[in-house]
Amino acid sequence: MTDSQNDSYAKNKTLVVAMTDGNYNLNPHTSAYTGEAQILNSLYEGLFSYNPQTLDPEPAIALSYKTSRDGKYWTFTLRPDAKFSDGRKITSKDVKESWLNLIAEKEAFYSSFLDVITGAKDYRLGKGSRQDVAIFTKDDVTISIELDIPQSHLPKILCHHAFAVVDTVNGTAFSGPYSLVNQSESEFNLCKNANYYNASAVKIPNIKILLTDDEKEVAHDFNTGKIHWCSTNCDTRSILKQESVHFDPLFGTYYYFFKLKKPWLTKEVRNALMNAFPWEELRMGSYFPAKTLIFPLNGYKQPVPLDYTDLDHAQALLDKAKKSLGITDEFLELEFAIPEGQAVMNAAQTIKHFWGAIGIKLKIKVIPERLYLSSISGSDSDMFLYTWIGDFSDPVAFLELFRSDSSLNETLWKNSEFDSLLDKASLTHDRTKRYELLNQAEEILLDSGLIMPISHSIDLNIIDFDSIGGWTANPLNIHPFKEMYFLPPKPSVLNIVKR
């Protein structure tokens, strides 16, 4: 099909997408969740964007870049035709201000990824000034950064929406292929950004995103053509065209973790709890059980798995830990905060039963699902659950969550040896050696008794490839709207015979 045929067929046609209902945050600096990423990657763009098939970084607002021989000085040249949706030129100053605002944002999850820039970490932690951050603008299309340590995978990081260029002047314009027209609690409406540098390649002019968890209604609307792509809960058995139902593995892990506020919740106590953890029961029925944190990667060695349960051994370890801490209480109390849901409650009750057998009283606190993730930072509970989807295909996408000063570290865990291994890995250009260092870091994390990995994630999408093109399954579940297009109906057999 030619471009002119596609444009003609798609003219004024709206792509309707059903996504999970929830409290969506469309601030690229403070957003952290996959559903929001799908929208934000269409509204905002940075120096690089994801290749929809390989997820490798591709030049976006950056036309090209170069690095010094030691890998510590990077210079990016911007596209001269890059513009915001209001027609204003995107300059190197816009990139610089966007990054500095991200670093300064206290609620930003991903700001610590820029700590490699000289002065950025001190500024983020309130120990340095904005002027000391080594981001330099030579002219409107040239921006340079100086790093404390080399970071060969920096372009992969910069694909993420947190590092996109935002309108710091008016706050109303967009740098991506689409603009937000309006929004409500149940719907977002996007339209093509006519000032986008590659607007001619964007085939779908309008997008309607419906926020719903009504499984039967979603199935009905997909069957009747009212919805073109479903990435929310759906009654898959009711889908008439079953080949439209796609289950794909994600570069993600579902796990439980401790927040280290109680002084007695030491490594020794936590490892006693690991030995009393019902690994087999909780992983039962998982499509991809996770016995370590990081999703399997080619060339990356998996650490020793977490799968050992022995209540007698756990009791002996706990008794020894209590004695060293001078604790004489028969029972110790922990609070586990969980979101609403019967499956989650059943799992929590199983953990409560096993830990109760060694003298741990587990209190279960239920948080409304809409509020759960945002409540973790300010919560006094001791244990939580998370599904983390890596933002690029590298172990660091998981391990950075546990670096001592990371803006993503919800656990409050600090380990200097772990941090040092991440730093050494950043200095290593040999992938095999780098992976060995990161493997050692993951071993330390698992040995700490901090996390309990349960399963690797699976993604459900319902989309008819006879109707929609440009959608490709990938482990980050990011499907750029700018790559998608409508396909004209296939001629029926009757019509072919008549010809």
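Predicted model: local features only at pLDDT ≥ 70, side-chain atom pairs only at ≥ 80, totals over all residues.
**Stop 1: a pair of rings**

Select Phe-251 and Phe-295. Their ring centres lie 6.0 Å apart and their planes meet at 80°, so this pair is edge-to-face. A pair of aromatic rings is described by the distance of the centres and the angle of the planes. Now colour by secondary structure. Phe-251 belongs to strand 12 (residues 245-258). Phe-295 sits in the loop between helix 8 (279-283) and helix 9 (311-325). The pair therefore ties together parts that are 44 residues apart in sequence. Phe-251 is buried, at a relative accessible area of 2%. Phe-295 is buried too, at 17%. The structure holds 31 aromatic pairs.

**Stop 2: a cluster of rings**

Select Tyr-110, Phe-113, Tyr-255, Phe-257, Phe-384, Tyr-386, Trp-388 and Phe-402. Together they form one aromatic cluster.

**Stop 3: charges over rings**

Which ring lies under Lys-13? Show Phe-486: Lys-13 lies over its face, 4.9 Å from the ring centre. Then go to Phe-331. The charged end of Lys-361 sits over this ring, at 5.1 Å from its centre.

**Stop 4: the cores**

In soluble globular proteins, nonpolar side chains tend to be buried together. Here, the largest nonpolar core has 146 residues. Tyr-256 and Trp-355 have the most contacts inside it. Select helix 14 (residues 431-447) next. This helix gives the most to the core, with 7 residues.

Centre on Trp-355. What does Trp-355 touch, leaving out residues up to four places away in sequence? The partners are Phe-258, Leu-273, Ala-276, Phe-277, Leu-334, Ile-360, Leu-362, Met-383 and Met-452.

Another core, of 12 residues, lies apart from the largest one. To find it, select Val-218, Ile-227, Cys-230 and Ile-462, which are among its members.

**Stop 5: Asp-394**

Move to the loop between strand 15 (383-389) and helix 12 (396-399), where Asp-394 is found. Is Asp-394 buried or exposed? Its relative accessibility is 3%, so Asp-394 counts as buried.

Show the polar atoms around Asp-394. A polar atom of its side chain lies 3.0 Å from the backbone nitrogen of Val-396. Its side chain also joins that of Arg-434 through a polar contact of 2.8 Å.

Last, show the contacts of Asp-394, not counting residues up to four places away in sequence. They are Phe-251, Leu-297, Arg-434, Tyr-435 and Leu-438. Phe-251 takes you back to the edge-to-face pair of the opening stop.

Key: Residues numbered from 1 in each chain as written. Heavy atoms only, no water. Phe/Tyr/Trp six-rings, centres within 6.5 Å; stacked < 30°, edge-to-face > 60°. Helix = DSSP H or I, 4+ residues; strand = E, 2+ residues; numbered from the N terminus. Buried < 20%, exposed > 50% of the residue type's maximum accessible area, 1.4 Å probe, protein only. Lys NZ or Arg CZ within 6 Å of the ring centre and 35° of its normal. Core = buried A, V, L, I, M, F, W, Y, C linked by side-chain atoms within 4.5 Å. Contact = heavy atoms within 4.5 Å. Polar contact = N/O pair within 3.5 Å; in protein donor to acceptor, adjacent residues only side chain to side chain.
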